[in-house]
Amino acid sequence: MNIIKRTFFILLFIVLIFFSFNFKIKAKEVNVYVFYGNTCPHCEEARDYLNTVKSKYNLNLVEYEVWNNGDNKEIMNDVANYLDINVRGVPFVVIDNTPIIGYSSNTTNQTYIYHINKASKNNFVDEVGIHLGVVDREKNNPNNSYEYKLFGKNLKKTNVLLSTVLLGLLDAFNISMFWGILLISILLINIKNKKKALIVGVSSIIFMILLYFTLLISGIKYDGYLNLINGFRTLVSVLLIILGVLGLIKILKSLDNENNTTNVTKSNKFKSILIILSSFILIIVTVLISLMNYGGVPDMILNIFEYHKLSFILKMVLLIVYLLIIALIYILFYILLQKIFIKLKLYELVDKNGVVISSIIILFIGILLGLKPLWLTFNF
């Protein structure tokens, strides 16, 4: 029990470190321009959500009521012309110089967070704010503010290898990734063979890092893929729900003939396939959700590489170092979770009801991913 207590405090310490780092990255104030109508219900939903996350993301909400105020309506039309779009209704929100028209819970919230994170980066220039006179161009000049500081050091002027190591450690403490690994660890409890669970878990993390690496070297161009990511999330949600329901149906059928060894064997095989497939699906979802809510660290490392004018080969070597640091932390975290589960004898607890428990977990995650995806990253 003392080992479990020590482990708990270690994990708590890790989470506190993450939130400390995350706060520093997102400390820059972000202007959000909101055009709304007084009695518009969707406008109220959008404003309520933005007010809910206002302190968390350090937002400055610049609001314009346009239904009863002619001057504000002219401002809205001016901004629309500046962004070269047609605005036929409200809410009309601008974040990251990007127009977001209309409101649909969950989907629009994710879009808000995605663009808030982009606008929170030091090199962001608020062109809409400058156009409106809300922001001073000189103060918002990236040449004046484009510095990456950690522990008081400007990472652009620090040894590039040291910067890579520090940012690798910083990027590793990503609550979305930790949450995904925790969910995978819970799923893998249902595999009877602990060694097999360890192999699958570590393989899932390696797959996660390879996927992350692919997105990094592609330049992290997400602007045109947000709808695709949302569509993929919906597809995965449906798949997880189907897998969960199939698992429950399978166990109900096996109960009709408990003494049939063939049915039990088939059930165990199905359970293993179900869990392994779900683990890798969760990895993909975790990476996508994490990238939609990331704090800008991947952009930092790429921009630092550009600043130092590194060769392609050296960039790749440093990226591998960067990702190996992240992989090592996640693998250690996963192994630590497994040791805790073994100490708590959770493997024995789920041995008799593995398919039921794993199916319920998968079903729950599928429903949550479809209806409340931001909850998976603690954006309540």
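Guide: In soluble globular proteins, nonpolar side chains tend to be buried together. In this predicted model, the largest nonpolar core has 55 residues, and those with the most contacts inside it are Ile-181, Leu-188, Ile-326 and Tyr-330. Helices H7 (160-172), H8 (175-188), H9 (194-217), H10 (226-255), H11 (261-292), H12 (297-307), H13 and H15 (354-371) each supply at least two residues of this core.

Visitor: Which helix gives the largest share of this core?

Guide: That is H13, from which 15 of the core residues come. A second, separate core has 39 residues, among them Cys-43, Leu-50, Leu-59 and Met-76.

Visitor: What does Tyr-330 contact, once its neighbours within four places in sequence are left aside?

Guide: Tyr-330 is in contact with Asp-171, Ala-172, Asn-174, Met-177, Phe-178, Ile-181, Ile-205, Met-208 and Ile-209, leaving aside its neighbours within four places in sequence.

Visitor: How are aromatic pairs to be read, and how many does a search of the whole structure find?

Guide: One reads the distance between ring centres together with the angle between planes, where an angle over 60 degrees counts as edge-to-face. The search of the whole structure finds 6 aromatic pairs. Tyr-103 and Tyr-112 form a tilted pair, with 6.2 Å centre to centre and 35 degrees between the planes, and both Tyr-103 and Tyr-112 are buried. Phe-178 and Tyr-330 form an edge-to-face pair, at 5.5 Å centre to centre and with 80 degrees between the planes. This pair links distant parts of the chain, since Phe-178 lies in helix H8 and Tyr-330 in helix H13, 152 residues apart. Both Phe-178 and Tyr-330 are buried. Elsewhere, Phe-35, Tyr-64 and Phe-92 form one aromatic cluster.

Visitor: Is Arg-47 buried or exposed, and which residues does Arg-47 contact beyond its neighbours within four places in sequence?

Guide: Arg-47, which lies in helix H2 (residues 41-52), has a relative accessible area of 18% and therefore counts as buried, the cut-off being under 20%. Leaving aside neighbours within four places in sequence, Arg-47 is in contact with Val-34, Tyr-36 and Glu-63. The charged end of Arg-47 sits over the ring of Tyr-36, 3.9 Å from the ring centre, while the side chain of Arg-47 makes a polar contact with the side chain of Glu-63 at 2.9 Å.

Visitor: What is found in the loop between strand S3 (92-95) and strand S4 (98-101)?

Guide: Asp-96 has its place there, and the phi of Asp-96 is near 65 degrees, a positive value in a residue other than glycine. Asp-96 is buried, with a relative accessible area of 12%, and its side chain makes a polar contact with the side chain of His-115 at 2.9 Å. Not counting residues up to four places away in sequence, Asp-96 touches His-115, Lys-118, Ala-119 and Phe-124. Asn-97 is found in the loop between S3 and S4 too and, at 22% relative accessibility, counts as partly exposed.

Visitor: Which backbone atoms does the side chain of Asn-97 reach?

Guide: The side chain of Asn-97 reaches the backbone oxygen of Val-125 at 2.9 Å, and a polar atom of that side chain lies 3.0 Å from the backbone nitrogen of Glu-127.

Key:
Residues numbered from 1 in each chain as written. Predicted model: local features only at pLDDT ≥ 70, side-chain atom pairs only at ≥ 80, totals over all residues. Heavy atoms only, no water. Core = buried A, V, L, I, M, F, W, Y, C linked by side-chain atoms within 4.5 Å. Buried < 20%, exposed > 50% of the residue type's maximum accessible area, 1.4 Å probe, protein only. Helix = DSSP H or I, 4+ residues; strand = E, 2+ residues; numbered from the N terminus. Contact = heavy atoms within 4.5 Å. Phe/Tyr/Trp six-rings, centres within 6.5 Å; stacked < 30°, edge-to-face > 60°. Lys NZ or Arg CZ within 6 Å of the ring centre and 35° of its normal. Polar contact = N/O pair within 3.5 Å; in protein donor to acceptor, adjacent residues only side chain to side chain.
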